[in-house]
Amino acid sequence: MQHSKNTNEVDRTRPIALARKAITALVVMALTGILGWTVWTLPPYSDRMQNLVATHLPISGVENPVTAVLLNFRGYDTLLEIGVLLLAAVGVLSLAPTQVVPAETAPQRIQMLLLRLLPFIVIVAAYLLWVGKYAPGGAFQAGAVLAAGGVLLVTSAVRFNQLTIQSIPISLSIGLLTFLAVALATMIGGGNFLQYPLPWASMLILIIEAAATISIAVILTILFLGRKPDGEYPPKTNGG
Amino acid sequence: MTISLLYALVGVVLLGMGLYRLVIDPHLVKKILALNISGAGVFLFLVAVADRTPGFEPDPVPHAMVLTGIVVAVSATAVALGLVGRIREIKGTAEFSENEPE
Amino acid sequence: MESLLNFSAIFFDGLLVLGLLVLAWTLLRSPDLFKAVVLFISFGLIMSLAWVRLKAVDIALAEAAIGAGLTGALFLSTLSRMQRGSRKNDSKKDRRPSSEEKSASDRISDSGTDAG
Amino acid sequence: MNLNDFLGPLTLPAWIVSLPLVAAGLGVALPKIGRPAAVFTAFATSLLVVRLAGEVLRHGTIQLQVGGWPATLGIALQADGLSVVMLSMTCLIGGAVTLYAAGYFGADSAAISFWPLWLFLWAALNALFLSGDIFNLYVTLELLGLSAVSLVALSRSAEAPPAAMRYLLVSLIGSLSYLMGVALLYAAGGTLDLNALAAAGPHRPSISAAFALMAAGLVMKSALFPMHFWLPPAHANAPAPVSAALSALVVKGSFYILMRLWLTIFEPFINPATADLIGVMAAFAIVWGSIQALLAQRLKMLVAYSTVAQIGYIFLIFPLSSMPAATQTAWQGGLYFVFSHACAKAAVFLAAGNIVYSVGHDRISELNGIAQRLPVSMFAFALAGVSLIGLPPSGGFVAKWLYLNAALTTGQWWWTVLILGGGLLSTAYVFRFFSRAFSYTTETVGGRPVPWIMEWTAFVLAMCAVILGLTAPAVIKLFTAGQPF
């Protein structure tokens with residue numbers, strides 16, 4: 001556990017470092033080789049799972065098989081995954097630097113440009129969210145695009161008004177809470193956990209995805225920033 | 001050999017590269033980059049190996065698994081980088097000295 | 001004609017795969033953190049091409065947006081914070097950096113000038 | 001509305017996973033309610049687990065298809081005796097840790113992050129013990145690992161962030177290795193369902209590779225020697241309630257997955273050599289961990305190294321159960337070890353936390369007469385020590401007794417030497433601290449007062465570790481419900 005290091009020690013550790021490199025290289029090469037060989041020994045692939053997904057797709061509420069797996073067949077994984085994201089946001093906030101020098105606010109012109117750009121970002125995100133039902137897209141892609149907007153905002157040091165700042169905790173967790181509420185409601189309604197009644201499946205999935213998109217966007221922005229965004233200082237009335 | 005198998009093998013090689021640099025490189029940011037490369041390798045393997053027989057439509061289940069994996073990876077990366085910041089605040093460096101156990 | 005198409009497809013896949021491996025190895029070996037992160041972002045973009053080739057368009061979108069875009073942005077913001085931090089540390093004359101540490105912070109500030 | 005409509009047997013696993021998740025989400029949205037939400041979760045989850053245990057005892061394994069899809073398409077949650085025992089353990093320790101943390105963090109600013117993180121950790125454990133799907137297990141592993149790492153980093157100590165970083169890196173390599181195994185199993189078997197994979201018995205080379213990858217990853221996460229190096233700094237530098245949860249519960253999460261896989265998918269593929277390899281690693285863990293505990297300068301380091309040694313004991317389950325004549329006895333012994341170690345180790349970490357809370361450090365050489373200052377905590381330490389050493393009538397004693405039985409009926413006498421020798425070593429490191437703590441000093445030992453709840457939660461857990469020795473038949477009946485092994 002010695003953390004101290006003087007020059008002698010550095011010299012002494014050189015051969016050890018070399019040996020370490022060699023051993024690691026050998027182990028990794030053996031692993032790669034064995035895994036590569038294993039690939040050749042795999043039995044011919046069966047399309048059992050594709051068939052299962054295909055036969056159940058009409059009763060999943062969506063038409064894109066990947067969305068069906070993510071939000072319905074294996075929706076429970078996605079529920080926990082949104083938990084992982086939220087957890088990471090809490091973890092990152094708890095590790096936020098103790099003293100922060102607030103960045104300088106970007107010039108007014110750039111901020112105006114950004115504000116003009118934002119509606120387009122929101123439209124793209126909304127499109128991705130909606131199209132996920134039929135084609136590649138969905139909450140994660142939409143949330144990521146929205147987060148790109150958030151990242152632009154925080155890097156140009158736009159000050160958010162107090163209402164926005166205060167709504168952060170709720171927007172962080174609304175995705176997880178909505179998902180859980182739907183899952184538990186379906187169960188209390190007499191079905192299994194997360195068993196959407198067929199006529200509602202499509203709508204429930206859209207609600208979950210919409211809420212998840214908001215949370216994913218806010219969480220990813222916070223992961224990028226590494227702390228809570230700056231509030232208005234001094235308070236303004238027309239804040240973004 | 002199909003194209004998918006090529007990608008599967010590349011996935012394995014990426015995993016190996018990442019693991020090697022992860023152990024060797026003392027700089028924490030590089031370690032985290034290496035982990036991300038390894039993760040990408042595993043994801044590539046996961047999808048490619050399920051798609052190894054030509055003529056079938058791609059299987060959506062590994063696709064969903066990898067989407068989950070990508071989100072988990074970015075979460076882990078964010079926490080790791082947060083820790084790097086904290087370690088730099090305390091120790092003034094973002095490297096692990098090599099003579100610590102393992 | 002079909003064999004020609006097939007050939008060009010294989011050629012494309014080969015190039016893609018080679019690009020992935022070379023990028024990964026270069027970025028992992030690079031002592032310059034900033035360069036490594038930029039290469040990592042390119043790696044992510046090429047990765048999303050690979051996903052398209054594997055008919056996984058959903059993943060391609062997520063990889064481009066989250067894997068390359070956001071993860072890359074995360075690394076960049078950490079580097080810029082580290083750079084700011086090391087400038088602050090350098091002003092403290094009482095601190096005696098070890099050789100490695102010094103080289104690490106030098107690397108970062110070098111790369112910072114590259115960034116412009 | 002009848003309670004049965006609302007909380008029917010098939011809804012119980014879902015509630016047990018959802019409650020802590022809901023509480024965590026609410027704790028983020030409204031930071032003020034983090035603590036009451038956690039306390040409520042502790043009580044409500046305990047009631048649910050008791051009810052689930054009753055159902056499992058009566059009807060055997062309970063299986064819930066999430067979303068109502070068939071298991072090969074969707075995800076199955078399943079509860080048998082094994083899961084229920086792990087869940088009960090989580091409830092007991094989790095409840096105690098929650099109450100302890102309410103005193104420990106008080107109005108500290110770290111509390112805002114602590115409660116959601118802790119609830120996520122709890123949800124991850126519950127989800128892990130109930131999951132019947134290998135990819136879902138991967139997600140729970142990541143949820144568990146990330147929450148544990150973030151909790152370690154909450155500590156103000158300067159050693160905590162590097163320790164957390166090391167823990168995170170090991171944890172991520174472990175999960176990556178596990179995920180690679182999942183990829184191979186899926187490629188060969190075409191399903192992610194644990195039972196379906198076990199029934200299909202996929203094809204050999206790929207399953208061996210998958211086993212090697214998954215076992216390696218899980219062994220890393222469970223800190224079995226020589227992969228233990230990350231554990232002592234992480235467990236010793238975390239805030240006290242987190243140390244207790246990590247040592248008592250988190251390392252058992254990955255161990256549980258290994259055990260599950262061992263008992264289902266990999267059972268036909270395991271040869272005695274594999275089991276013996278794990279046995280050798282376990283032996284080294286017992287000896288090395290105990291020696292390091294003997295040499296430790298800090299009390300929490302001593303306790304953390306004791307965990308390294310006790311993990312060795314727990315992994316002895318694999319070599320001991322590999323002979324058909326003793327399989328049952330060995331599994332029961334191992335599970336008894338898991339449970340009683342959880343109680344004893346959590347009690348010890350909480351008691352050690354009380355010392356740090358009171359006198360501000362845990363340097364063993366400066367703790368003379370600490371028992372005069374913190375009599376309840378030190379009594380708890382002593383009771384838990386009885387179980388760690390394995391003296392009657394504690395749970396640790398029953399566990400070692402079952403192990404010795406298994407070793408002797410199969411003629412593997414060398415394991416008996418190890419088990420008894422390890423007991424002597426643990427006596428040595430426990431008494432090394434006791435000789436100081438219970439020494440009589442005339443100087444008054446200073447320090448700030450410790451809230452009563454923090455002393456008594458440690459005491460209750462220590463009592464549980466001892467009482468476990470007296471309730472063996474009932475607990476063993478619960479283990480074997482639904483025939484997990």
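In the predicted model, chain B consists of 3 helices and 0 strands, and its elements, followed from the N terminus, run α-α-α. The radius of gyration of chain B is 17 Å, well over the 13 Å that the globule rule gives for 102 residues, so the chain is more spread out than a compact globule. In keeping with this description, the C-alpha atoms of chain B fill a box of roughly 55 × 25 × 15 Å along the principal axes.

Chain D contains 21 helices and 2 strands. Its radius of gyration, 21 Å, is close to the 23 Å given by the globule rule for 485 residues, so chain D is as compact as a globular protein of that length. The box filled by its C-alpha atoms, taken along the principal axes, is roughly 70 × 55 × 40 Å. Of the 485 residues of chain D, 67% count as buried, and residues 24 or more positions apart account for 79% of the contacts with a separation of 6 or more.

For helix α12(D), residues 272–295, the 24 residues should span 34 Å at the same 1.5 Å a residue, in agreement with the 34 Å between its end C-alpha atoms. The buried residues of α12(D) include I278(D), M281(D), A282(D), A285(D), I286(D), G289(D) and A293(D). An α-helix has 3.6 residues a turn, so residues three or four places apart point the same way. The cover over the buried residues of α12(D) includes α13 (299–315), α14 (317–320) and α19 (413–437) of chain D.

The largest nonpolar core has 373 residues, and those with the most contacts inside it are V152(D), A346(D) and A347(D). Helix α7(D), residues 160–189, gives the most to this core, with 21 residues. Domain 1 (1–42) and domain 2 (52–225) of chain A both give residues to the core as well, so it lies between them. Apart from its neighbours within four places in sequence, A347(D) is in contact with A380(D), A384(D), A458(D), L461(D), A462(D) and A465(D).

Chain A takes part in contacts with both chain B and chain D. The contact with chain B takes 41 residues from chain A and 35 residues from chain B. On the chain A side of this contact, the elements giving two or more residues are α1 (7–41), α2 (48–56), α3 (65–73) and α4 (75–94), of which α1(A) gives the most, with 13 residues. The residues on this side divide into 24 nonpolar, 10 polar and 7 charged.

The contact between chains A and D takes 46 residues from each of the two chains. Here the elements of chain A that give two or more residues are α1, α2, α3, α4 and α8 (168–188), and the largest share, 14 residues, comes from α4(A). The side of chain A that touches chain D divides into 29 nonpolar, 13 polar and 4 charged residues.

Technical notes: Residues are numbered from 1 along each chain as its sequence is written. Chains are lettered from A and ligands numbered from 1 in the order in which they are written. This is a predicted model: local features need pLDDT of at least 70, side-chain atom pairs count only at pLDDT 80 or more; totals for chains, interfaces and linings use all residues. Two residues are in contact if their C-beta atoms, placed from the backbone, lie within 7 Å. Helices (H or I, at least four residues) and strands (E, at least two) are DSSP runs, numbered from the N terminus. Ala, Val, Leu, Ile, Met, Phe, Trp, Tyr, Cys and Pro count as nonpolar, Asp, Glu, Lys and Arg as charged, and the others, Gly among them, as polar. The radius of gyration is taken over C-alpha atoms; the globule rule is 2.2 Å times the number of residues to the power 0.38. A residue is buried if 20 or more other C-beta atoms lie within 10 Å of its own, exposed if 12 or fewer, and partly exposed in between; C-beta atoms are placed from the backbone. The expected span of a helix is 1.5 Å times one less than its number of residues. A nonpolar core is a set of buried Ala, Val, Leu, Ile, Met, Phe, Trp, Tyr and Cys residues joined through C-beta atoms within 7 Å. Domain bounds come from an automatic or database domain assignment.
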